[in-house]
Protein chains: 2
Amino acid sequence: MTRQPDRGQWPTGRLLATAARLVEQSWNARLREHGVSHAGMIVLASVSGGPVGQRELARDQHVTEQTIGRTIAHLESTGHVRRSTDPADRRRRTVELTAPGATLLAEISDHGERLTDDILRAAVVDIPQFRHALEALIRTMDPGALQPSSGITESSED
Amino acid sequence: MTRQPDRGQWPTGRLLATAARLVEQSWNARLREHGVSHAGMIVLASVSGGPVGQRELARDQHVTEQTIGRTIAHLESTGHVRRSTDPADRRRRTVELTAPGATLLAEISDHGERLTDDILRAAVVDIPQFRHALEALIRTMDPGALQPSSGITESSED
DNA sequence: AGCGGATGCTCAGCATGCTGAGTATTCTGA
DNA sequence: TCAGAATACTCAGCATGCTGAGCATCCGCT
């Protein structure tokens, strides 16, 4: 009776925020020795397919360009990515992996890519259903990322 | 085919972090006019039952004492809560609602307490199951919050 | 009584979010 | 052609997380 956690009363948003924080901390703890953060790791993974503009990265991760810019600057300073000005559009700065960045990405993909799922399994959670709920939530909350029903280029109010 | 979001490939931790960020932003947008943040609102709700020490608040919210201390300082500066030194233990600073804080809490409880659930319903998510998954996740990740199986005072390694 | 550890909180500093404002480049249309 | 809008990004500043370090108070034990 001292402090039973009455999380049953918590609003769902609070549960979500708390769970996300705990998971992210767990990731960060695992990644610390490699010198990157969870956010940094996501950037590395996102640029693994070749040069990407910052705006695209920002949209992909659902963060602002300012935020992604700073995270990239950090990754650049640690030598994991390289930025170059797009000659075809000199406003753009494309981001790509360096050799050390690629090595690092391979390493962390190895030992712990699905860290969260391990925890979820331990918590006896139906992972596909949980993922589906999260995806639906993201889709619903993000007006910008409308699903391409046909050949519609996301013109409307993008 | 320009940019269909392949969220199906995302690690679950990334889905979770993204969903949490979007939900929190939605809350903050709603709360901005009232002059509090999501974090602040949770503090207000947590102290609505009477004076609480900062350490307890930190444990309740799964954040550090430093973080909660700063958030409380903020709420204090805006006049929503009051801090006082516990005469029985002068290290402790207990936090309680002021009249304006109580008013604000009542207001925001009114129009939007279950904001996330509305979104989840729109996203056609099984809310009880979703909540259950989040609770299980939190319970699994947080070694400190052991559930009181009997009359055990959380002595062990708390 | 008083030493030492535990406890409750603060300060300093960093990373990641955000908003608002500003710069540079490109595109559009008269 | 060239002015204005749109685009891509940066800088400045704030809030919330975190870690590490430090201070004051309390408790336990000799």
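Leaving aside neighbours within four places in sequence, with which residues is A:Leu16 in contact? To answer this, select A:Leu16 in the viewer, and then B:Ala19, B:Ala20, B:Val23, B:Thr116 and B:Leu134, which are its contacts. Two residues are in contact if their C-beta atoms, placed from the backbone, lie within 7 Å.

The model on screen is predicted; local features need pLDDT of at least 70, side-chain atom pairs count only at pLDDT 80 or more, and totals for chains, interfaces and linings use all residues. Residues are numbered from 1 along each chain as its sequence is written, while chains are lettered from A and ligands numbered from 1 in the order in which they are written.

**The contact between the chains**

Next, display chains A and B together. The contact takes 54 residues from chain A and 53 residues from chain B. On the side of chain B that touches chain A, select helix 1 (12-32), helix 6 (115-122) and helix 7 (127-141), each of which gives two or more residues. Helices are DSSP runs (H or I, at least four residues), numbered from the N terminus. Helix 1 of chain B provides the largest share of this side, 15 residues.

**The nonpolar cores**

Now select A:Leu16, A:Ala19, A:Leu137, B:Leu16, B:Ala19 and B:Leu137. Of the 36 residues in the largest nonpolar core, these touch the most other members. Such a core is a set of buried Ala, Val, Leu, Ile, Met, Phe, Trp, Tyr and Cys residues joined through C-beta atoms within 7 Å; buried means that 20 or more other C-beta atoms lie within 10 Å of the residue's own. Apart from this core lies another, of 16 residues, including A:Val36, A:Ile42, A:Leu57 and A:Val95.

**The two copies**

Chain B can be laid on chain A by a turn of 180 degrees and a shift of 0.0 Å along the axis, with an RMSD of 0.0 Å. The copies are superposed by least squares on the C-alpha atoms of residues with pLDDT of at least 70 in both. This is the relation of a two-fold axis.

**The DNA strands**

Finally, select DNA strand D, which 24 residues surround; the closest are A:Arg55, A:Gly69, A:Arg91, B:Ser37 and B:Val63. A residue is near a strand if its C-beta atom, placed from the backbone, lies within 6 Å of it. Helix 4 of chain B gives the most to this surface, with five residues.

Definitions and conventions: A residue is buried if 20 or more other C-beta atoms lie within 10 Å of its own, exposed if 12 or fewer, and partly exposed in between; C-beta atoms are placed from the backbone.
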